[in-house]
Amino acid sequence: MGTEGMDEASNMKVVLKHYITGSAQETDMLLTAGTMKLKAPKDSNAVVLKNLFLSCDPDMIFKMTGHKREHCDPYTLGSPLTGYGVGKVLDSANPDFAVDDLVWGITGWEEYSLISDTKYLMKIQRTDVPLSYYTGILGMPGMTAYVGFYEHCTPKKGDYVFVSGACGAVGQLLGQFAKLHGCHVVGCAGNPDTVDLLKKKFGFDDAFNYRQEPDYDATLKKYCSEGIDVYFDIVGGKMLDAVLLNLRPHGRVVMCGMISQYHLEHPDGILNLPSMVTKEAQIQGYLSVNYYHLYPKFLEIILPLIKESKVAYVEDVADGLETAPKVLVGIINGLNIGKKVVAVDHH
Ligand SMILES: NC(=O)c1ccc[n+]([C@@H]2O[C@H](COP(=O)([O-])OP(=O)(O)OC[C@H]3O[C@@H](n4cnc5c(N)ncnc54)[C@H](OP(=O)(O)O)[C@@H]3O)[C@@H](O)[C@H]2O)c1
């Protein structure tokens with residue numbers, strides 16, 4: 001709906017009802033109706049956004065548990081969830097943003113948001129690609145794959161690379177960077193369709209369905225029979241533990257995330273650390289937000305790769321804010337094919 005000249009609009013929001021214990025459910029969230037002033041208060045430095053796309057990201061599940069962690073405060077009950085998204089500036093009291101600018105960054109799970117802290121908003125300069133890509137391959141997950149691979153994996157041509165959670169936003173790109181670099185790449189994902197995509201669309205050398213494998217150590221010995229030089233870890237837990245037994249000498253483990261652990265009160269322990277000693281291996285974590293100075297360089301690399309179809313990208317865009325709770329919990333129960341995004345339908 002057009003908002004020109006309007007001072008106020010109805011504003012549907014997705015709020016958290018209670019902190020979760022165990023796996024997140026659709027019913028942990030609630031859709032509520034409210035109203036929103038479409039003017040940024042004078043001298044506030046704030047902008048008013050019309051949200052266009054909202055990104056479903058794994059750290060949102062962690063924020064639903066109510067547990068505290070550095071860089072990750074729990075959600076406030078009754079307030080709209082927050083996360084990455086793409087929006088259009090409807091009003092601005094901030095000299096860095098003008099009306100009609102398109103931006104990506106942290107916003108609210110609602111139709112319109114007042115963003116007081118604009119430090120996590122980036123202006124979108126290139127619009128000859130789908131805008132939803134700025135929630136994924138051209139946004140935070142894309143940067144996470146780029147920084148993870150080029151700054152931390154120390155890849156060499158011919159390296160044996162294993163990626164878990166490989167069909168998500170970060171994993172699909174990481175695997176393709178590794179292929180472009182001349183590595184041998186194996187991935188795992190949670191259903192037959194995503195396993196197929198890894199091999200046929202993203203060019204992985206091999207892939208398996210971790211949900212059908214009772215013994216990860218035996219599975220890795222089968223699919224990564226030469227051992228693993230680089231493990232890009234998206235899931236943590238038992239898969240990480242099994243990988244440690246399958247590292248090659250001087251192997252590298254890059255800790256990107258632990259999606260299998262976020263909802264657990266007592267995360268799985270890691271038993272096989274002695275392998276790190278005998279393999280003289282390295283383990284390294286990182287936070288992509290600390291590398292945003294590399295974003296322009298990343299865009300210079302990734303945009304031509306997209307244009308020339310040298311990297312593929314699969315996203316699954318759901319229609320309407322009312323679908324958001326279901327879509328968000330889909331990222332941890334194997335229902336997603338590629339990057340999950342919600343298109344906000346303005347009533
Ligand atoms: N370090 C950083 O700066 C940084 C920044 C952004 C994201 N991250 C982390 O990066 C990881 C990937 O993020 P993303 O944006 O790619 O997320 P995504 O698009 O939601 O993909 C995550 C993938 O993990 C798989 N998965 C879900 N639950 C799992 C489980 N219990 N065991 C194994 N696999 C499971 C999912 O599908 P299937 O189960 O169907 O395979 C999905 O494909 C997350 O751990 C996230 O927290 C880190």
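Q: Two residues are in contact if their C-beta atoms, placed from the backbone, lie within 7 Å; in this predicted model, which residues meet that test for Leu174, leaving aside its neighbours within four places in sequence?
A: By that cut-off, Leu174 is in contact with Ala145, Gly148, Phe149, Val163 and Phe232, once its neighbours within four places in sequence are set aside.

Q: Which residues have the most contacts inside the largest nonpolar core?
A: That core has 101 residues, and those with the most contacts inside it are Val161, Leu174, Leu198, Ala207, Phe232, Val243 and Val342.

Q: Why is this core said to lie between domain 1 and domain 2?
A: Residues of the core come from both domain 1 (8–136 + 313–343) and domain 2 (140–289), and therefore it lies between them. As a general background, nonpolar side chains in soluble globular proteins tend to be buried together.

Q: What makes up the shell around the ligand?
A: Its residues divide into 17 nonpolar, twelve polar and three charged. Of the 32 residues that surround the ligand, the closest are Gly165, Gly168, Gly190, Gly257 and Ser260. Domain 1 and domain 2 each give at least three residues to this shell, while helix H2 (140–152) and helix H3 (169–180) each supply at least two.

Note on methods:
Residues numbered from 1 in each chain as written. Predicted model: local features only at pLDDT ≥ 70, side-chain atom pairs only at ≥ 80, totals over all residues. Near = placed C-beta within 6 Å. Helix = DSSP H or I, 4+ residues; strand = E, 2+ residues; numbered from the N terminus. Nonpolar A, V, L, I, M, F, W, Y, C, P; charged D, E, K, R; others polar. Domains from an automatic or database assignment. Core = buried A, V, L, I, M, F, W, Y, C linked by C-beta atoms within 7 Å. Buried ≥ 20, exposed ≤ 12 C-beta atoms within 10 Å, placed from the backbone.
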